[in-house]
Each structure stands twice: as C-alpha cells, then as structure tokens.
Amino acid sequence: MSEHTSQTRGMTTVPPLVLLAIVVVTIGLYPLIFGQFMNLGISILLFAGFALAWDILGGWAGQNSLGNAVFVGIGAYSVAILHQFGIAPWWGMLVGIGVSGLLAWGWGALTFRLRGSYFTLSTIAVAEIIRLIALNEDWLTSGSEGKNLGSLPSLFGLDLFDRRVEFYLVLLFVAALLAFGHWLKTAKLGFYLRAVREDEDSAMALGINPARAKLTAFVLMGMFTSIGGGLWLLYLGRIDPDTALVIPVSIQIALLAIIGGRGTIYGPLVGAFIIGIPSEIFRSVLKEANLLVYGVLIVLVIVYLPKGIVGTFEEWLYKRQHPLEKRGS
Amino acid sequence: MEFFSQGLQGLIDGLLTGGVYAMIGAGMSLIFGVMRVVNFGHGDFVILGMYAAFASNQYLKLDPYVSLLVVLPLAFVFGFVLHRAILAKLLGANDQTTKLATLGLGLIATNLVLLQFGTEPKTVYTEYATNAWRIPLFGLELRISEVRFYAVIITALLIFGLNMMLYRTELGRAIRATAQNRLGAELQGVDTKKIYAIVYGIGVVLAAAAGVLLLPLLSATPTLGSVFTNKSFVVTILGGLGSLPGAIGGGLILGVVESLGSSLFPLMNSHFGANYRDAYGLIIFLIVLLFRPEGLFGRTVKRV
C-alpha cells in the first residue's frame, strides 16, 4: 500500500532539488545526442528561459505581459552597444539587467495601480514605443540595420561562439530560473503573489501590498529576461529591431508559458519543447507563418486545458492521489 | 503661414483617417461593452477584411467598395460562427482566458492569410486612388483625398446604421439589455448566447469594413494586424472602454494626433516626423491610461 502511494505521487514526492537535477542533466545530454541540431536546441531552451521569466509575473502574479520583447531587446542591445567600446559581454549583461530593472520598476510603479486588462494594454504600448525608438535612433542602435558582434573575448578559456558553450550557458540560465521557481513556490513572495492573483482585495485585507508584490515580480521578470536577451545576442551574433523587439516575440514568450501551464515551475519549459518541435517540423511549410502553430495550440489549450499542459497533469495527479476528495474546478 | 496650412491640411487628413479608426474602435468597444472581453484579435480581422477585398478584386474583379457587399455578410457569418464554435465555450471562464483565446484566433487568421498570400504587400489598383479635390480657402489650397472621403462617408453610414439598430430595433434592445445585465436579460427571455455571437459578428463586420475601406489607401500586409489591434486599443481607451460615442471621438482624436504629429513635427525637427507616426498615438494612449483610465469622456466606464 505504501509503495503504491509513493509511486502514484510521482512529482510531488520527488524532492525539488532532485527533480531539478534530473531535468537539467537530461537536457544537458542533448548536445551529445542531437549534436547536429544545436541551433534548434539553443532556441528552444532560450525561449523556455524567456517563458520561465514571464511566468514570474504572468503565472504567479496573474499579470499577463505582452511586451517582454522590450527586456529581450534591452539585454541584447546593452551587450551589443557596450561591445563596440570593447566592454566584455558579461559587463554588458549586468548593465542590461540594471536598465531592465529600472524600466520595470518605473513602468510597474505607474501601471500597477490599474487592474484587469489595462496592464496588458500598457505593455503592448510600451513595447511598441521602445521598438520605434530602436528603429529610429540610429546613433544608439544603428536603426533597422542593427548591431553586429565582431569578435568576442573568451570566458574562462571558452569560445563564446561555440554552439555547445552557448547551449550550456543558456541551460545555466534556465536552471537558475527553475531553481528560482522552486524557491518562489515556498517563499513568502510566492504566497503573496498567488494571493494577489486570486483576489487582490482579500490579499490587501491580509496586509499584503498588491502593487508592491506585483512590482517585485515585474522587476525580477525584467532582469531575468534581459539576461536571456544578452544570451540571444551571443547566439545570433547580431541584433536588430525586427528580430528582438517585435510584438510576435512578446506573444511567443507569453503563449509558451500559458500553453505549458502558468505558475507550475516546469510549465513554460514543457511548453517551449511542445511548441518548438512542431514549429521546427512545419518550418518549411509555414515559413513566416510559424505563429500559426502558436495560434492553434493556444486556442486548443484555452478551450480544453485551461490550466495548461503541466497544470492539467498536476491536477490529474492530485485527483489520483486523493480519489475521495471532490475538487471544484 | 506654411505651419498654418500644413496644420489645417493635417487636421483634415487626420479627421478623415480618424473616421476609419473610429469604426475599428467601435467594433472593439461594442464587443467589450456587451461581452466584457478585450478582443485582442481585432486588428487581425481588419487584415482579413483587407485581404477579402483584395481577393474579390483579384478573382471577381470587384471594385473595393462594391466588394463590401460580399465581404461584410461573410464577415458577420465568420464572427458569428467563431463565437458559437469557440468563444461560447469560454463563457464561464474569466476574462483573461477569453482574451487569450481571441489573441489565438487573431494569430490563426493572420497566419492563414500569410500562408495564402505571402509577406509581400498587396495593392489594388483603382483609378480614383490618387484623386483629390482641391478646395481654396482663404488663399490656402486644401486637398481632400477622394478615397479618404468615401471611407468617411461609408463609415458614417455604417455607424449610423449600427446606432439605429441598437436604439430602434428589438434586437438592439436585447443587445443593450445583455450589456447591462446578462442574467436580467436572460430572465426576460433573451437568448444571450446568441446575442453574444451576433455582437461578435457585428464587431468583426466593423473591423473588416475598415480593412476594405483602407485597402485603396494602404497596401495590405499580413503583419499589420498588431498595428491595427494597437490602434483599436488606443481608440477605445481614449474614448472609454465600452462607449460607442467615445470610440468615435477617440478615433478622430487618434487620426488627428497622428496626422498633425507627422506633418507638423518635421517643420521643427526633421527627426521626429513620420518616423514616429505610430508613437504619438501610443504616447497619448499611455498618458490617458495612467491618468484617466475611464477614458477622456464620461465619468465612469460607460456601457453600450
């Protein structure tokens, strides 16, 4: 009997660190097995990272941002612009983190007084304004031409243009976000955010400051996303407004997390793989219309699996463990 | 003097374009007012209208304005079926969920268009596309573009028709009742699910009509969808979400701001001009969102 329960509990009984280690090591084997598909692996993992960062605010705090391309762009452009002055990418990333954090702080301080869809609408507007600035302020961003990375210094003797090095750097980024997710699930901030997501008024009655909780999540999301932006630049070797700052990037980031399952730690990662692979398979058919996969999947998920893939799986698991408990959905 | 004449010309162009923006916003506002859902796919339906007109011009050799007669009924059926088949399943869910579903539907629409017609901009050739009436006024010569003028006239007719429908017919009364209180309307025998589907259909019709009217002015590109969704947000937020007269005011304001911004700024500083055309509207949008989220007109969020 005891054996039975420990088996069916599956995910919930595996200690978080062990689960994290298993997932990270499994993904870490990818370059050894699929060595010829390194580009696919890096882009899937990178977007998983973006989606995991999105989930901090979108999943745990329930505030859907459709403007995360801004932070991707800031991260990438900080590294690219400072690179021209001979400053190493890791310092550029730090600057990107700082700028993103400040922007998120200012923007959140202004917009989190509003509720409902207003925050989402403001993210789209801010993202568009930043894109227009990047497109038109040639002196800073080289306009639509974008910035190229020439040579890169080596990091601890590793070549940053080596796909395998890039893969493991991105994996490190994803692992950090997953670890952060595990921490958030049990931390005070995580409970604050969930309380705010479920009911702002009740959260306030309990002494939580909703605006501050959301602001913290927003700043963290911005900072994490901008690290990913810096890594994306290393991978692409160049950056321009049409790649990094357009609305489809923001939409992709949000949809990966939602399809995978919001507020479930591993949801965005699962979502990135579940979408990334069909997108790659249909690439030759769909060409520029690759967002069709996202559109179809998001509609299907919203209608049939409103909690996302991982969220629905967790619910199914919970019901199996607690057959007598009736749980209203 | 140049500043003044440029300004006046900008104002006229802005009002004419604003009329079409008003129609896009009216559809969005109607959907929000009745269903309480922000329609994130709205701009994509504008694109769908554009391409429907393009296709009927290409294959049926119809003039864009004549194609309205074909496109609009199709748009209504499309919106109605879309709601019946998908959005109606989400009626109990929270608005965040429905919002994401509309976003997904928009993505599907745009990307199907992209798949069929490719990324290259498509234009329709009409003889009158570049015609303009010249009106002398106090020694200034003002140009009124023929296409924009027709667009405004047709917009006015459609909005007038919508208004008559809402306030003079039994269906309109049912729609307004559903907007005010869904349960109350249901108790009076209104099939509110059907009303929702009808309203969504009307919203799609207004978006598609705007697309058709813009086709002679712009070239159709599938990726413009998000631009139009943005514009409809700006229009509806300026006017107050859910308010029909507000949407008209908001549309006109957006048109004028964009047009004046791009025609007057170059006289002072060539850098900010047409380059930032789309940014002016967004900046005003953010300011309104921050300081008067209920919209420029009206004290509270008004419903249809």
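Predicted model: local features only at pLDDT ≥ 70, side-chain atom pairs only at ≥ 80, totals over all residues.
Chain B averages a pLDDT of 85, and 93% of its residues score at least 70.

Q: In what order do the elements of chain B run from the N terminus on?
A: Chain B holds 11 helices and two strands. From the N terminus, the order is α-α-α-α-β-β-α-α-α-α-α-α-α.

Q: What radius of gyration does chain B have?
A: The globule rule gives 19 Å for 304 residues. Chain B is close to that, so it is as compact as a globular protein of that length. Its radius of gyration is 19 Å.

Q: What share of the residues of chain B count as buried?
A: The C-alpha trace of chain B spans about 65 × 50 × 35 Å along its principal axes. Chain B exposes about 12800 Å², with 64% of that supplied by carbon and sulfur atoms. Of its 304 residues, the buried share is 58%.

Q: How many of the residues of H2(B) are buried?
A: H2(B) has 19 residues and reaches 26 Å from first C-alpha to last, close to the 27 Å expected. The helix is largely enclosed by the rest of the structure, because most of its residues fall under the 20% cut-off for burial. The buried count is 14 of the 19.

Q: Which residue just after H2(B) takes a positive phi?
A: Most residues other than glycine have a negative phi. Just after H2(B) comes a positive value, about 55°. The residue is Lys61(B).

Q: Is Arg36(B) buried or partly exposed?
A: Arg36(B) lies in the loop between helix H1 (2-35) and H2 of chain B. Its phi is positive, near 60°, though the residue is not a glycine. Burial needs a relative accessible area under 20%. At 29% relative accessibility, Arg36(B) is partly exposed.

Q: What geometry does the aromatic pair of Phe45(B) and Phe78(B) have?
A: The search of the whole structure finds 23 aromatic pairs over all chains. In the pair of Phe45(B) and Phe78(B), the ring centres are 6.0 Å apart and the planes 80° apart. Angles over 60 degrees put a pair in one class. That class is edge-to-face.

Q: How many residues apart in sequence are the parts that the pair of Phe45(B) and Phe78(B) ties together?
A: Phe45(B) is buried at 1% relative accessible area, while Phe78(B) is partly exposed at 33%. Phe45(B) lies in helix H2 (residues 42-60) of chain B, and Phe78(B) in helix H3 (residues 64-85) of chain B. The pair therefore ties together parts whose separation in sequence is 33 residues.

Q: What radius of gyration does chain A have?
A: Chain A comprises 18 helices and two strands. Its C-alpha trace spans about 65 × 50 × 40 Å along the principal axes. A compact globule of 329 residues would have a radius of gyration near 20 Å. Chain A agrees, at 20 Å.

Q: Among contacts in chain A between residues at least 6 apart in sequence, what percentage join residues at least 24 apart?
A: Buried residues make up 56% of the 329 in chain A. Contacts here are heavy atoms within 4.5 Å. The percentage joining residues at least 24 apart is 78%.

Q: Is Arg194(A) buried or exposed?
A: Arg194(A) lies in helix H10 (residues 188-198) of chain A. Beyond neighbours within four places in sequence, its contacts are Trp60(A), Leu184(A), Lys185(A) and Thr186(A). The cut-off for burial is under 20% relative accessible area. With 19%, Arg194(A) is buried.

Q: In which loop is Ile265(A) found?
A: Ile265(A) is not a glycine, yet its phi is positive, about 65°. At 6% relative accessibility, the residue counts as buried. Its loop is the one between helix H14 (247-260) and H15 of chain A.

Q: What is the span of helix H15 of chain A from its first C-alpha to its last?
A: Helix H15 (residues 267-281) of chain A has 15 residues. Its buried residues include Leu269(A), Ala272(A) and Ile275(A). The expected span is 21 Å at 1.5 Å a residue.

How values were computed: Residues numbered from 1 in each chain as written. Chains lettered and ligands numbered in written order. Heavy atoms only, no water. pLDDT = per-residue confidence, 0-100. Helix = DSSP H or I, 4+ residues; strand = E, 2+ residues; numbered from the N terminus. Expected span 1.5 Å × (residues − 1). Buried < 20%, exposed > 50% of the residue type's maximum accessible area, 1.4 Å probe, protein only. Rg over C-alpha atoms; globule rule 2.2 N^0.38 Å. Phe/Tyr/Trp six-rings, centres within 6.5 Å; stacked < 30°, edge-to-face > 60°. Areas by Shrake-Rupley, 256 points an atom, 1.4 Å probe, with all protein chains shown as cover.
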